[in-house]
Amino acid sequence: MGFVDTKNKIQKIKYKQEQKNKLIREINPAFSSQRCFKCGHISKNNRKSQSDFTCENCKHTENADLNASDNLLDYDNWSLEQMTMIQNWNQNLCIEDVG
Ligand SMILES: [Zn+2]
């Protein structure tokens, strides 16, 4: 009995994580537009205008849309810290407990 409960719990947690990842992937464009593709620095100050991106950390300059799409392609290489940041951001802003 106890074993089954534990198993169910683990499955539920796994399911929740998967849902979260899905949501994060859907929402991440908001962050991708603020993340420097070169050094990974995220700041809204990086986005100088609608079309211009200049990293305040490494001074990398690129078309903002190109930088954003590079970031999306590079999503698997985002650091754990950045993943956490996005997760927290989702929780705070728009994601309710999916369970
Ligand atoms: Zn940078």
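These legends accompany close-up views of one protein chain in a predicted model. Residues are numbered from 1 along each chain, in the order in which its sequence is written. Because the model is predicted, local features are described only where pLDDT is at least 70 and side-chain atom pairs count only at pLDDT 80 or more, while totals for chains, interfaces and linings use all residues.

**View 1. The protein chain and its elements.** The protein chain contains 4 helices and 2 strands, where helices (H or I, at least four residues) and strands (E, at least two) are DSSP runs numbered from the N terminus. Followed along the sequence, these elements give the pattern α-α-β-β-α-α. Of the 99 residues in the protein chain, 16% are buried; a residue is buried if 20 or more other C-beta atoms, placed from the backbone, lie within 10 Å of its own, exposed if 12 or fewer do, and partly exposed in between. Among contacts between residues at least 6 apart in sequence, 42% join residues at least 24 apart, a contact being two residues whose C-beta atoms, placed from the backbone, lie within 7 Å.

**View 2. Confidence along the protein chain.** The average pLDDT, which is the predictor's confidence in each residue on a scale from 0 to 100, is 75 for the protein chain, and 70% of the residues score at least 70.

View 3. In helix α3, which spans residues 64–73, the residues N67, A68 and N71 are buried. Seen down the axis of α3, these buried residues fall within an arc of 100 degrees, so they line one face of the helix; the arc is that of the directions from the helix axis to the C-beta atoms. On the other side of α3, D65, L66 and L73 are exposed.

**View 4. C36 and the residues it touches.** C36 lies in the loop between α2 (29–32) and β1, and it is buried, with 23 other C-beta atoms within 10 Å. Leaving aside residues up to four places away in sequence, C36 touches H41, N46, C55, N57, C58 and H60. C36 and H60 are 24 residues apart along the chain, and their C-alpha atoms are separated by 7.4 Å.

**View 5. S49 in the loop between α2 and β1.** S49 counts as exposed, with 8 C-beta neighbours inside 10 Å. The C-alpha atoms of S49 and A64 are separated by 8.1 Å, although the two residues are 15 residues apart along the chain.

**View 6. The backbone at K59.** Most residues other than glycine have a negative phi. K59, however, has a positive phi of about 70 degrees although it is not a glycine. K59 is found in the loop between β1 (52–54) and β2, and it is exposed, with 10 other C-beta atoms within 10 Å.
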